[in-house]
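Reader: I have the sequence and the coordinates open side by side, and I would like to work through them with you. Could you show the structure before we begin?

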Amino acid sequence: VMDAVVITMTSDGTEEWLIDADRAYTKGNEHELEMEEVSAMYIGADRDPINIESRKGTYFINQRHLILTDHVKITKPTKNQVLLSDRLEYDDADKMLVSPGKVTIHTPDMRLNAGRMDYDFATDGFEFSGRVKVTL
């Protein structure tokens, strides 16, 4: 068991993600890190900062794959946007951020509900599916 863990994810020598957890541990597989009270911050170049919080998370070290669960909250402070979901996955190899279940986005002028969200960091493109509803 480790307290106050910090993980830094880099691409081509540039820091992109800082991941903090109040507590982390392994369950027999040393390449799979279970985390509690997780806070992640995207700090990559040419993008608005993204802050993510969740109660639980798993980081697959060899695959550079992060899964956050249990009250996931994403904020884009410069855009005044908040996304809520039960599960969020980030695959560093594909640069994809996916919420495979129900997702809600709040902005001052809009509310979006969907059954799934895919965000591609390479293209800065969103795709929503599964009974998408937008309220303006």
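Reader: Which residues have the most contacts inside the largest nonpolar core?

Author: This is a predicted model, so what follows describes computed coordinates. The largest nonpolar core holds 30 residues, and its largest share, five residues, is supplied by strand β3, which covers residues 32-42. Within that core, the residues with the most contacts are Ile7, Trp17, Ile19, Met35, Ile52 and Phe121.

Reader: What does Ile19 touch, leaving out residues up to four places away in sequence?

Author: Ile19 belongs to the group with the most contacts inside the largest nonpolar core. In general, nonpolar side chains in soluble globular proteins tend to be buried together. With residues up to four places away in sequence set aside, the residues that Ile19 touches are Val5, Val6, Ile7, Met9, Met35, Val38, Ser39, Ala40 and Leu66.

Reader: Is Val38 buried or exposed?

Author: Val38 sits in strand β3, and its contacts beyond four places in sequence include Ile19, Ile52 and Leu68. The cut-off for a buried residue is under 20% relative accessible area. Val38 has a relative accessible area of 4%, and therefore it counts as buried.

Reader: How many Å apart in space are Val38 and Leu68, C-alpha to C-alpha?

Author: Leu68 is one of the residues in contact with Val38 once neighbours within four places in sequence are left aside. The two are 30 residues apart in sequence, yet from C-alpha to C-alpha the separation of Val38 and Leu68 in space is 7.9 Å.

Reader: How many helices and how many strands does the secondary structure of the chain come to?

Author: Read from the N terminus on, the elements run β-β-β-β-β-β-β-β-β-β-β-β. The radius of gyration is 15 Å, close to the 14 Å that the globule rule gives for 136 residues, so the chain is as compact as a globular protein of that length. The secondary structure comes to zero helices and twelve strands.

Reader: What percentage of the residues of the chain count as buried?

Author: Along its principal axes, the C-alpha trace spans about 45 × 30 × 25 Å. The accessible surface comes to about 7,800 Å², and 47% of that surface belongs to carbon and sulfur atoms. Of the 136 residues of the chain, the share that counts as buried is 35%.

Reader: Is Thr8 buried, partly exposed or exposed?

Author: Thr8 has its place in strand β1, residues 2-11, and beyond its neighbours within four places in sequence it is in contact with Glu15, Trp17 and Leu18. Residues between the buried limit of 20% and the exposed limit of 50% are classed as partly exposed. The relative accessibility of Thr8 is 37%, and so this residue counts as partly exposed.

Reader: Where is Lys95, which has a positive phi although it is not a glycine?

Author: Most residues other than glycine have a negative phi. Lys95 is not a glycine, but its phi is positive, at about 55°. Its place is in the loop between β6 (81-91) and β7 (96-99).

Reader: Is Arg131 buried or exposed?

Author: Arg131 also has a positive phi, about 60°, although it is not a glycine, and its place is in the loop between β11 (125-129) and β12 (133-135). A residue is classed as exposed when its relative accessible area is over 50%. Arg131 has a relative accessibility of 80%, and therefore it counts as exposed.

Definitions and conventions: Residues numbered from 1 in each chain as written. Predicted model: local features only at pLDDT ≥ 70, side-chain atom pairs only at ≥ 80, totals over all residues. Heavy atoms only, no water. Core = buried A, V, L, I, M, F, W, Y, C linked by side-chain atoms within 4.5 Å. Buried < 20%, exposed > 50% of the residue type's maximum accessible area, 1.4 Å probe, protein only. Helix = DSSP H or I, 4+ residues; strand = E, 2+ residues; numbered from the N terminus. Contact = heavy atoms within 4.5 Å. Rg over C-alpha atoms; globule rule 2.2 N^0.38 Å. Areas by Shrake-Rupley, 256 points an atom, 1.4 Å probe, with all protein chains shown as cover.
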